Structures are given as C-alpha cells and as structure tokens.
Amino acid sequence: MYAAYIEQFGGPEVIRYGELPDPVPGPAEVLVDVIAATVNPVDTFVRSGRWRTPLRFPFVVGRDLVGVVAADAAGFRAGDRVWCNSLGHAERQGAAAQRAVVPADRLYHLPAGVDPADAVAVVHPAGTAYLGLFTHGKVRPGETVFVAGAAGNVGAALVTLAVDAGARVIASASAQDADYCRFLGAEKVFDYRDPDLTDLLKTACPQGMDVWLDTAGRNDLTTAVELLAFRGRIVLLAGLDSAPVLPAGALYLKDGVVTGFTISRASVAELAEASHVINRMLAAGKLRPRTRAELPLSAMAEAHRRLEQGLLHGKRLVLNTGVNHSNGEEEPSVTGQSIVDTSPLFELSAEIRVDATPAEVYAVVSDLPRSAEWSPECRGGEWISGEPGQAGSVFRGENLRSEEVVAWAPLVRGTWHTECRVVAAEPGRTFRWMMLSYAGEDQESVWGFDIRPEGTGSVLTHHFRMGKATFGIRKIVADLSEEDRRRFVADWTAKLDQDLADTLKRLRDVIEQQG
C-alpha cells in the first residue's frame with residue numbers, strides 16, 4: 001500500500017510518501033480501505049515531536065479517516081462505510097494510508113448518503129466540540145455558551161452542537177465572518193478585534209457566561225473569569241504554548257472551574273458517545289465543512305506546511321488515497337502507481353461575502369467575456385456558439401501565463417487559447433463550465449460559481465474539480481519522475497487555491513464598485 005509516513009521527527013519535509021507493507025489486523029481490529037484522510041494541528045505536533053506519544057517508525061501520520069471495511073471483522077461487514085477520528089496516537093498507526101487497521105471500538109458507521117470528503121473534514125472538529133461542550137463543559141439547555149474563534153473549524157462545530165443542544169450561543173470572530181456565525185445559530189457575534197469587546201459581552205450577558213471556550217488559544221483567563229457566571233466553566237482546548245495568568249481568587253469566589261482537555265486522551269466511551277451525536281448531525285446535513293480543498297495523499301507534506309504557515313483560513317484539506325468509493329478497490333492506473341491517476345486529481349473551493357444581490361452577482365460571473373477583470377490568467381474572449389451564457393453555449397478564451405507560475409515545470413506559457421462549454425446556468429444560483437480538449441471533447445475539468453443569499457448580500461463560492469487528469473496535465477507530467485509529478489500536483493494545487501482566492505477578491509471589488 002501507499003502511505004504518508006515519517007521515519008524521524010521534524011518539519012513537514014520529513015513526511016515521505018511511498019510503499020509500506022499492508023497492516024495486519026489483530027483481535028478486535030478492523031482492516032479499512034481508506035478513501036480519504038485529513039490533517040489537524042495535533043498531527044503537526046506529533047510529527048514535529050512537540051507532543052511526544054508512543055509510536056513506532058515508520059509512523060503513518062494522521063488521525064482521521066473515512067473508508068470501506070475490507071473484510072468481515074468484530075461486528076463490521078466487508079463493504080461497510082466507516083469513519084474514525086482517533087488514530088495516530090498512543091502506539092496506533094495513523095490514517096494517511098491506502099489501508100489502515102482500526103480498533104473496532106474506535107470505528108463508527110458512516111450514515112448513508114453522507115459525502116466521505118465532508119465527513120472526514122468534520123469528524124475531528126466535531127469530536128473536539130462535543131467533548132468540550134458536554135464531557136468537560138457540562139452544557140445544559142438554556143445555558144449561555146461563549147465561543148471565541150467561532151468561524152474556525154472547531155468553533156463552527158461548537159456553535160452548531162451547542163445550538164442543537166438548546167444553549168444560547170454568544171460568539172466572537174472576525175467581522176467578515178459574523179454572518180456565517182449567525183447562520184450557524186449564534187445569537188450575537190462580536191468582532192474579536194473590537195477594543196470594547198469585554199463591555200459588549202457584559203451587556204450581552206449580564207448574568208455572565210456559563211461556559212467559555214476559546215478555540216483561538218489566546219486563553220485570556222482574566223477576562224474569562226471576569227465574565228463567568230456563578231459556577232461557570234472555562235474549558236481550555238487550544239494554545240499549546242499559552243501561559244496565561246489565572247485570577248484564582250475571583251474564580252473560587254464564583255465557584256468557577258477551569259478545565260482542559262485534548263481529544264487525543266478521550267476515552268473510548270467518550271468518543272463513542274460523541275460519535276452518536278456526530279452521526280445524527282451528519283445524517284441531518286447539519287455538520288459540513290465551510291469550505292474544503294482536496295489533495296492527493298502524496299501531498300501530505302504540503303498539507304502540513306500550509307496548516308503550520310496559517311494558509312488555510314478555516315479551509316479543511318481532504319487527502320484522497322485513490323481508493324474507489326464504491327467497493328474499496330484502488331482506481332485502475334494507466335501508468336502504474338502514479339499520482340496523476342488519482343481521481344479527483346484536483347478539487348478545491350473558496351467563498352467570499354459580496355454586498356450585492358444574487359442576481360447582481362450572477363450577472364457578472366456569468367459574463368465570461370469580462371473575465372479579464374477578475375481572472376488571474378484569462379484575458380477575456382468571445383462566445384463562439386449557442387446563446388451567450390446559456391447552458392450548451394461555447395466560449396473561446398484568451399489566456400496569459402507568466403514565467404513565474406510553477407517556474408520549474410514544463411507548462412504552456414505566454415498566450416494560448418482554450419474553449420469551454422457552459423454546463424449549468426441557473427440565474428441567481430449557479431454557473432459552471434467544462435473545459436474542452438483541443439479536439440472539442442468533454443474533459444473532467446469543471447469550473448463554477450455558486451451563489452446563496454445571506455442577509456442583505458450574497459455568499460459567492462468559486463470551485464474547481466478535475467476528475468481524471470486532462471490531456472494537458474498528462475502532457476505536462478509525461479517526462480517527469482514520479483517524485484516531480486507529486487511535486488507538480490502539490491504546487492499546482494497551491495496555485496489553484498491562490499487563483500480561487502484572488503478571483504473572488506477581484507470579483508467582489510468589481511461587483512460592489514459597479515453597484
């Protein structure tokens with residue numbers, strides 16, 4: 001099998017991708033064909049050696065997986081879709097491999113109809129949120145819960161689960177994320193940069209806060225104790241290097257409690273209890289990542305680098321193993337175990353709030369001849385067949401790529417032309433186009449925009465998916481070594497990720513300025 005693993009502690013560069021022997025399950029263990037894994041901050045702590053836990057080299061990294069049971073074992077049947085969020089710790093090998101052995105009491109069935117990529121993106125943040133709120137925070141219906149950093153992955157899960165449990169949620173986040181937090185159910189959302197934040201929180205919660213959780217890890221215990229209700233609970237769950245001052249006198253006069261936890265030390269029973277709620281919320285569509293990007297498993301080192309450098313901004317990275325979702329088998333490979341045979345090869349999305357109606361947003365994003373105003377590479381073009389902007393119409397674009405873009409790779413540079421066909425055109429909702437080959441044939445390469453109303457404006461999501469590698473991609477990598485192919489996919493993914501973000505910012509400016 002192929003796996004992402006380390007043979008020593010260190011930075012992201014110590015992560016290797018290569019073949020390891022298939023793991024062999026023992027009693028009460030289940031062999032799983034892994035569909036997807038992800039990366040969490042704790043994975044970087046273990047990889048770097050900052051948090052020492054018993055492990056054996058070569059050590060497969062990663063906590064979370066969604067996969068398919070490979071053989072009947074311990075009450076699970078071959079073909080069952082399952083998930084786990086507690087590998088890669090305390091002598092357990094990790095999840096970032098095409099196959100993994102999971103203790104049966106740490107493995108849970110995935111509800112029918114749930115997207116594996118969505119599930120693997122949320123099971124760790126949701127598990128952490130459940131433990132913080134209920135196992136350690138003892139939240140009860142009607143209580144007031146404060147969540148700092150509410151727009152992040154764990155923060156969003158905290159808001160969602162607390163609201164579901166009947167709690168009143170007060171949150172802090174960046175101003176641009178306030179609408180998202182309210183969408184999740186937060187009653188009030190304050191800008192964490194506001195110099196009057198403490199006074200605003202006092203006004204919003206005159207009786208104090210029953211539970212305080214800070215996902216950003218600032219752990220300002222002085223303010224937390226000041227705002228705590230009688231017998232309130234402060235739950236610490238982030239901030240590995242924080243060393244705050246605790247106003248002990250004020251705390252004990254309130255009968256208050258400060259407690260800390262990490263999901264890595266949760267008991268099997270606690271994790272199982274959390275799994276029931278997580279599965280209920282997944283099945284109901286209430287737990288989903290805000291935004292995600294998909295990478296091949298071979299890009300795990302790049303995923304760690306992005307996470308540690310703070311480049312994700314709430315985006316969850318999902319790493320696909322190349323295992324077929326339907327039967328647990330590997331996808332057939334044209335060139336052997338090549339990264340370019342992964343499907344999907346690229347799948348990314350990003351979103352931004354725009355102060356305009358969905359109709360106003362759609363009018364701009366569907367006008368491809370104007371794309372030079374916002375696209376990093378497209379310089380506009382013309383409709384060459386069909387009704388402009390309608391499903392089935394074909395657009396011919398002119399593109400310009402500089403020498404600096406993934407400079408080491410044999411890319412087409414300078415000016416070149418492409419053609420695409422509109423495959424979805426729903427005014428005010430969605431607009432998508434498929435890239436065509438030079439022979440005019442369909443390719444599994446689709447760009448698009450989705451729009452949803454939010455308050456007085458809209459949320460615009462930009463996404464790209466390449467299922468099987470296009471002819472152009474295969475031509476680029478044809479003469480590259482497998483190591484350089486993996487490097488190219490990682491670098492191109494980073495380039496696409498930046499393009500999505502840049503495009504959205506430019507679109508927002510164009511749309512709001514014309515309004």
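Me: Buried means under 20% relative accessible area, exposed over 50% and partly exposed in between, with a 1.4 Å probe and protein chains only. Why is Ala469 called buried?

Reply: The relative accessible area of Ala469 is 12%, so Ala469 counts as buried. The model is predicted, so local features need pLDDT of at least 70 and side-chain atom pairs count only at pLDDT 80 or more, while totals for chains, interfaces and linings use all residues. Residues are numbered from 1 along each chain as its sequence is written, and side-chain values use heavy atoms, with hydrogens and water left out.

Me: Where is Ala469 found, and which residues does Ala469 touch, not counting those up to four places away in sequence?

Reply: Ala469 sits in the loop between strand 23 (457–466) and helix 11 (471–477); helices (H or I, at least four residues) and strands (E, at least two) are DSSP runs numbered from the N terminus. With contact taken as heavy atoms within 4.5 Å, Ala469 touches Val340, Leu345 and Arg474, not counting residues up to four places away in sequence. The C-alpha atoms of Ala469 and Asp341 are separated by 7.0 Å, although these residues are 128 apart along the chain.

Me: What makes strand 23 mostly covered?

Reply: Nine of the 10 residues of strand 23 are buried.

Me: How do you know that strand 23 pairs with strand 17 and with strand 22?

Reply: Two strands pair if DSSP finds at least two bridges between them. Strand 17 (residues 346–354) and strand 23 share nine bridges in the antiparallel sense, with His463 of strand 23 as the bridge partner of Ser349. Strand 22 (residues 442–454) is joined to strand 23 by 10 bridges, also antiparallel, and there Phe449 has His462 as its bridge partner. The hairpin of strand 22 and strand 23 has two residues between the strands, and Gly455 takes a positive phi near 60° in it.

Me: Why is strand 9 called largely enclosed?

Reply: Five of the five residues of strand 9 are buried, so the rest of the structure largely encloses strand 9. Thr144, Phe146 and Ala148 point one way from the strand, Val145 and Val147 point the other way, and all are buried.

Me: Which strands make up the open sheet of six, and in what order?

Reply: The order is 11-10-9-12-13-14, and the pairing is parallel. Strand 11 (188–191) and strand 14 (257–260) are at the edges because each has a single partner strand, which leaves one side of each without a neighbour in the sheet. From one strand to the next, the twist averages 15°. Strand 9 and strand 10 pair over five bridges, where Thr144 has Arg168 as its bridge partner.

Me: What packs on the six-stranded sheet?

Reply: Helix 5 (residues 197–204) does, touching strand 9, strand 10 (168–173), strand 11 and strand 12, and its direction makes about 170° with that of strand 11.

Me: Why is helix 1 called roughly perpendicular to helix 9?

Reply: Angles run from 0 to 180 degrees between N-to-C directions, using lines fitted to C-alpha atoms, for helices over the stretch in contact. Under 35 degrees counts as roughly parallel, over 145 as roughly antiparallel, 65 to 115 as roughly perpendicular and the rest as oblique. Helix 1 (residues 41–48) and helix 9 (residues 300–308) pack at about 110°, with axes 10 Å apart, so helix 1 is roughly perpendicular to helix 9. Pro41, Asp43, Thr44 and Arg47 of helix 1 meet His304, Leu307 and Glu308 of helix 9.

Me: What makes Asp118 buried?

Reply: Asp118, in helix 2 (residues 116–136), has 9% relative accessibility, and therefore counts as buried. Leaving aside neighbours within four places in sequence, Asp118 is in contact with Arg288, Pro289 and Arg292.
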